[in-house]
Amino acid sequence: MPKKKTGARKKAESRRKREKQLRAARGNIDLAKHPCNASMECDKCQRRQKNRAFCYFCNSVQKLPLCAQCGKTKCMMKSSDCVIKHAGVYSTGLAMVGAICDFCEAWVCHGRKCLSTHACTCPLTDAECVECERGVWDHGGRIFSCSFCHNFLCEDDQFEHQASCQVLEAETFKCVSCNRLGQHSCLRCKACFCDDHTRSKVFKQEKGKEPPCPKCGHETQETKDLSMSTRSLKFGRQTGGEEADGASGYDAYWKNLASGKYGGRGCQEEEDDDYEAEEDDEEEDEAGKDSDTETTDLFTNLNLGRTYASGYAHYEEPED
């Protein structure tokens, strides 16, 4: 029988396991929580933006720069990692910085580790919005990653893109290479693949992970685990009716039109009602004109004699 583990051995194994998880988590930092993509408020114009060396709107330098790698604003000189030695003095502001990253446009502190590793591991190296094709230097907002296709998104397009990301570029869920149902979906290519056509000679499948996309190499996901929807067209023969499929959509459209489903009879009845209403209005107008002419004929031969309206006054009447 194997020896029973002691308490010290259990503690040591749990500590090693926890340290391994911390090291793995340290290397996989969420893009929204990375120091080079942190939110910053300008000291001068008070406008919120991404962490930058200079304000995107007024080009002013911040009083407390934030390191794009370690995220600190003050160097305590606890280790000998600093390139510029400042024994016994805490350095802040421009005395703490050592470089500006060309990719994320943020300050990097004068620590040797940050200066030597940030440019190679910067998460915004090729950060270009998949919707508007703007980079870090073209807008002042932060950069995000889509939860489904893992493409870069700017702050303006992140919600609109993620709302329409799970839509296939096809009208069915069938595999793009055959006629079987696609069990795996690539959210970058917006296509489905069956089990046979996910096997690729170019992109190898790693153990314990989903098979990669045979077109782009991105990791696929099972279609049943996603809220995938197909492309829908609201024009042409697709609007012919629910029973229409293929070219018969035209026949269904004309049948529905003849049966009055699309308002054929209703439109005709509305046109008839409008025509009858116009005729009634014309008859009423003609009747009104006839009555006016009768009244004018009645009072044309009426003689009221000399009145004030005709320019006659009583004092102008001749004396007999």
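Mentor: Let us begin with burial: a residue counts as buried when its relative accessible area is under 20%, as exposed when that area is over 50%, and as partly exposed in between. Please keep in mind that this is a predicted model. Trp-107 has 11% relative accessibility, so Trp-107 counts as buried, and buried residues make up 27% of the 320 residues in the protein.

Trainee: How many aromatic pairs does the structure hold?

Mentor: The structure holds 2 aromatic pairs. Planes under 30 degrees apart count as stacked, those over 60 as edge-to-face and the rest as tilted. Because Phe-54 lies in the loop between strand S2 (48-50) and strand S3 (74-75), while Trp-107 belongs to strand S6 (residues 107-109), the pair ties together parts that are 53 residues apart in sequence.

Trainee: Is Phe-54 buried or exposed, or does Phe-54 fall in between?

Mentor: Phe-54 counts as partly exposed, because its relative accessibility is 35%.

Trainee: Which geometry do the rings of Tyr-56 and Phe-57 show?

Mentor: Their centres are 5.3 Å apart and their planes stand at 90°, so the pair is edge-to-face. Tyr-56, at 32% relative accessibility, counts as partly exposed, and Phe-57, at 36%, also counts as partly exposed.

Trainee: What sits over the ring of Phe-57?

Mentor: The charged end of Arg-47 does, at 3.9 Å from the centre of that ring.

How values were computed. Residues are numbered from 1 along each chain as its sequence is written. This is a predicted model: local features need pLDDT of at least 70, side-chain atom pairs count only at pLDDT 80 or more; totals for chains, interfaces and linings use all residues. Side-chain values use heavy atoms; hydrogens and water are left out. Buried means under 20% relative accessible area, exposed over 50%, partly exposed in between (1.4 Å probe, protein chains only). Rings of Phe, Tyr and Trp (its six-membered ring) pair if their centres lie within 6.5 Å; planes under 30 degrees apart count as stacked, over 60 as edge-to-face and the rest as tilted. Helices (H or I, at least four residues) and strands (E, at least two) are DSSP runs, numbered from the N terminus. A charge sits over a ring if NZ of Lys or CZ of Arg is within 6 Å of the ring centre and within 35 degrees of the ring normal.
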